[in-house]
Amino acid sequence: MPQSALILRAQVVQAIRQYFTEQGFLEVETPLLIPANAPEEHIDSFTVLPCWQLQTSPEICMKRLLCRGHQRIFQISHCWRAGERGSRHLTEFTMLEWYRADADYGILMADCVGLLRRVAASCIADGTFSRFGKKIDPHAKWAHISVQEAFLRFAQTDALASAENGRFDELLVSQIEPALENFMVPVILTDYPAPMAALSRLKSNDPRLAERFELYLAGLELANGFSELNDPQEQRARFEEANQRRAAADRQILPLPERFLDELSAMPPSAGIALGVDRLVMLTAGVETIDDVVAFRPEEL
Amino acid sequence: MLSVADLKKGTKLIIDGDPYLVTSFDFVKPGKGQALYKCKMKNMINGATLDRTYRSGENFEPASMDERDMEYLYKEGTHYTFMDQESYEQVVMEEDAVGDAKHFLLENTKVAVLLFGDKPIGVTLPNFVNLRVLQTDPWVKGDTSGSDSKPATLETGYVLRVPPFIEENELVVIDTRTGEYSTRVKG
C-alpha cells in the first residue's frame, strides 16, 4: 500500500470522528470478543475460544447501550466475517456504526449526506469521490430509489417475487449494482423486501417491506442502515428462523444473544447503520481494491 | 470436480461441453445476502466471452488440456492437418481454431497443438519463423516520401510492413507473437 493511502486513511477516520463529535454523538468502545453475534443466515463468525466469538458487527452491544439510555453513539471498530475475501471484502475489516434513539432510518440518510460531504471536503482536493475513473459528487442532490423501482428498471422483474424465489441476491449483484455504477451521485436504495429485513422494523403501512436502506457509490455498497426492530419476540423469531435456514443449508447453528433479547424491550424506537470504513477510504483514494487501503493484507501476514 | 471457491483467474473449466478460461473472478456479497462469485470467462475454442454469477456450493468439471508437438502437413478448404511427432497420428483443426497462426504456417513447420480431449483447439508457433517475401515493390533510391517501411506479401499470403531495403524472394524473420517483421535472414 502506498504511504499516501495510509495518510488518507488516517484523515478519513479523523474526519468521521470530528463529524460525529460535532453532531453530539458519544464515541464508544464495546468488546470485540462476545458470547454471541446476531445470528444471520449468511454471516459466519470466528469462534476463537469455547463460547466466545469475534464480533461480526458491534450492533449487539451498541443497542444494549441504547437500552441503557444513551441517545447518540458511534463506534469505529474491527469486525471479522469468516470466508469473506474478495476485491471489496476482507475477513477482518473496519466498521463505523452509529445509532440514534427516537429516530428512524430517514434521519440516518441525512446523517450519511452530512458525513460524506464532510469527508469529501476534508480529505479530497476536488471534493468528489471516485471509482473506476468516475466522479461521484456528494454535494449534488443524492438519488433515492426504492428496491422495487430498481428491480423493475434494471432487472425488469419484481423485487418481492425475486426475494421469494431466491434470485434476489443474484439479480442485485449482476443487474442492479452494475447499473448503479453509472450514477454520478450517491444512491440510496430503500425499502428492502421483508425476507431481507435482518434486524430492521417492517414498514407500518406495508409489512411486505422493511425500513432498511443501502448506500451505494458507483455501484459499491458502502452502508446498510435501518429502523431498528425493538420487539423481543419478533427478534427472537427472526434469529430462530435464521438458524433454521442455516441448519437446512448444513451451516453451523449459532447461539442467541440472550442478554440482548432480555434488554431489547427497553430500547426506544431507534435507528442504526453500519458503514465500511475501508470502502470509504477506497472511494476517497479512488482505488479499486480494498487491498490498496489497508496496511497489511491477510495474505502477507 | 472444482468447487466455485477453487476458481481463480487462469482456471480452465468445462461449461456446456466447451472449455473456458477464467479471465476474472471476484467474491461478492450484497449486504446481509449470500456469498456469490462473479466470473468472466473466455471460450477457448471460439473466443466468445461469458459473464456468470455463481453461488457457493456449485461445482465444475475442470477442462484438462494436453499440448503435443506436431508438424503442420497441409490445408484443405478450411481444415488444417497436423501430425503428432510421436504417434504419427493426424489431427484436423478448423481455421477458426488455428487463428492468426495461419499467417505463418508453412508445410512441415513444427508447432505445439493444444488438445481438449481429442479436439485440437489451438496452435502455438515458434516465437520466430523464417518466411520468403513473395512480392514487394523495389526500393527507389532517393525516395523522399520519408517512409521507412513498405508493404510486402509473404509466401503464406500474409501482408506486413518491412524495411525499404527488403527485396522479393528474400527470407525474413517474423515474430509470430506480434506478427511483425523482426530482421532479414543473413546468408
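## Charges in chain B

In chain B, the mean position of the 22 positive charges and that of the 30 negative charges lie 8 Å apart. The structure is a predicted model, and the values in this report are computed from it.

## Overall form of chain B

Chain B contains 16 strands and one helix. Its radius of gyration is 22 Å, while the globule rule gives 16 Å for 187 residues; the value for chain B is well over that, so the chain is more spread out than a compact globule. The C-alpha trace of chain B spans about 75 × 45 × 25 Å along its principal axes.

Of the 187 residues in chain B, 41% are buried. Among the contacts in chain B with a separation of 6 or more, 42% involve residues 24 or more positions apart. Chain B exposes about 10500 Å², and 47% of this comes from carbon and sulfur atoms.

## A residue in strand 10 of chain B

Strand 10 of chain B covers residues 110-116, and B:Phe116 is part of this strand. Is B:Phe116 buried or exposed? The relative accessible area of B:Phe116 is 14%, and residues under 20% count as buried, so B:Phe116 is buried.

Which residues are in contact with B:Phe116, leaving aside its neighbours within four places in sequence? They are B:Ile14, B:Gly17, B:Asp18, B:Pro19, B:Ala63, B:Ser64, B:Met65 and B:Ile121. B:Met44 is 72 residues from B:Phe116 in sequence, and the C-alpha atoms of the two residues are 9.3 Å apart in space.

## Overall form of chain A

Chain A has 14 strands and nine helices. The radius of gyration of chain A is 19 Å, close to the 19 Å given by the globule rule for 301 residues, so chain A is as compact as a globular protein of that length. Along its principal axes, the C-alpha trace of chain A spans about 50 × 45 × 40 Å.

Buried residues account for 56% of the 301 residues in chain A. For contacts in chain A with a separation of 6 or more, 67% are between residues 24 or more positions apart. The accessible surface of chain A is about 12500 Å², with 52% of it belonging to carbon and sulfur atoms. The mean positions of the 30 positive and 42 negative charges of chain A are 3 Å apart.

## Helix 6 of chain A

Helix 6 of chain A runs through residues 168-180 and has a kink of about 30° at A:Ser174. The kink lies shortly before the proline A:Pro178.

How many of the 13 residues of helix 6 of chain A are buried? Ten are, and the helix is mostly covered. The buried residues include A:Phe168, A:Leu171, A:Leu172, A:Val173, A:Ile176, A:Ala179 and A:Leu180. The charged residues A:Asp169, A:Glu170 and A:Glu177 are also buried in this helix.

## Helix 9 of chain A

Why is helix 9 of chain A described as largely enclosed by the rest of the structure? Eight of its nine residues, which are residues 277-285, are buried, so the helix is largely enclosed. The buried residues are A:Val277, A:Asp278, A:Arg279, A:Leu280, A:Val281, A:Met282, A:Leu283 and A:Thr284. Just after helix 9, A:Gly286 has a positive phi of about 70°.

How values were computed. Residues numbered from 1 in each chain as written. Chains lettered and ligands numbered in written order. Predicted model: local features only at pLDDT ≥ 70, side-chain atom pairs only at ≥ 80, totals over all residues. Heavy atoms only, no water. Helix = DSSP H or I, 4+ residues; strand = E, 2+ residues; numbered from the N terminus. Rg over C-alpha atoms; globule rule 2.2 N^0.38 Å. Buried < 20%, exposed > 50% of the residue type's maximum accessible area, 1.4 Å probe, protein only. Contact = heavy atoms within 4.5 Å. Areas by Shrake-Rupley, 256 points an atom, 1.4 Å probe, with all protein chains shown as cover. Charge placed at Lys NZ, Arg CZ, Asp CG, Glu CD. Bend = angle between axes of the 7 residues up to and from the residue.
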